Amino acid sequence: MPAFTLYGSRGSTNTDRVRLTLAEGGFTDYELVLLNLQKGEQKSEENMKRHPWGKIPVITFPEGFTLYESRAICKYLARKYSFPLLPPDSDIEAAALFDQAQSTEMLYFAEPAGRIAFEKFAKKFMGLPPDDAVVSDALRSVEMFFNVAERLLQHKDYMAGKNFTLTDIYYIPLIQRLFACGYGDVILSRKAVSAWWDRCMNRSAIQKMLAADKEAAAAARK
Ligand SMILES: N[C@@H](CCC(=O)N[C@@H](CS)C(=O)NCC(=O)O)C(=O)O
């Protein structure tokens, strides 16, 4: 029996955040159950028991422990299975800088980047047109975010300091979505941000997972 079940969805940035964490940790002993969001399977009675807001991702363990919210899941898994993706608890300054990086990613980056992904990507599948005013407002916020990141990344290699951590992983799915929506220049036009992105993308576990996903998506289109 696998150690736990991850309920997610194909193409879900929040699910991919967890999958990338597991890939980086080299952990494969889990079952991935894919829900069809278009069919509303996330709102089924069964999933509402796992996630009171009727969303994914969620992890459940055979003993009953259940956890939702992608970043909480990533942090829990990194702690439980000792993935080297968190600063040691004994280094309280490094832990505080990690928390700081985690908050800035979630509030200053993921919020506007998520709005772009929703307007330009998710709405396509719903047969709805994007709201261009929302996109340009969100894009302005993302640009401003990376202006600051550009300055900070001149003095450190990764978002929380000198080491690659979960906070770097947190960015990957939504940045990929920005590229897919034609906004890759937000990254590529900034030297330090672009170099950070290359460092993240050149990690072999990440490269391997993303290449396999790309292949699977191409096969599904055939
Ligand atoms: N903050 C949550 C967001 C979860 C979320 O919005 N998941 C999306 C999929 S990426 C979802 O379930 N959408 C369907 C819905 O809201 O009905 C997390 O980080 O896990």
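**Notebook: pockets in the model**

I began with the lining of the largest pocket, where α4 gives the most, eight residues. This is a predicted model, so I kept in mind that local features need pLDDT of at least 70 and side-chain atom pairs pLDDT 80 or more, while totals for chains, interfaces and linings use all residues. Residues are numbered from 1 along each chain as its sequence is written, and side-chain values use heavy atoms, without hydrogens and water.

My terms: a pocket is an open set of points on a 1 Å grid over the protein atoms alone, where a 1.4 Å probe fits, with protein on both sides within 12 Å along at least five of seven lines; lining residues have an atom within 4 Å of a point. Helices (H or I, at least four residues) and strands (E, at least two) are DSSP runs numbered from the N terminus.

Largest pocket: I noted about 1,800 Å³ of space, the volume being that filled by probe spheres set on grid points joined across faces, edges and corners. Of its 48 lining residues, Arg10, Gly11, Ser12, Thr13 and Arg177 are the closest to the centre. Elements giving two or more residues include α1 (13-25), β2 (30-34) and α6 (166-180). Domain 1 (4-85) and domain 2 (92-206) both contribute lining residues, so this pocket lies between them; the bounds come from an automatic or database domain assignment.

Second largest pocket: I found a volume of about 250 Å³. Its lining has 14 residues, with Ala101, Thr104, Leu152, Lys156 and Met159 nearest the centre. Here too α4 supplies the largest share, five residues, and α5 (132-152) gives at least two.
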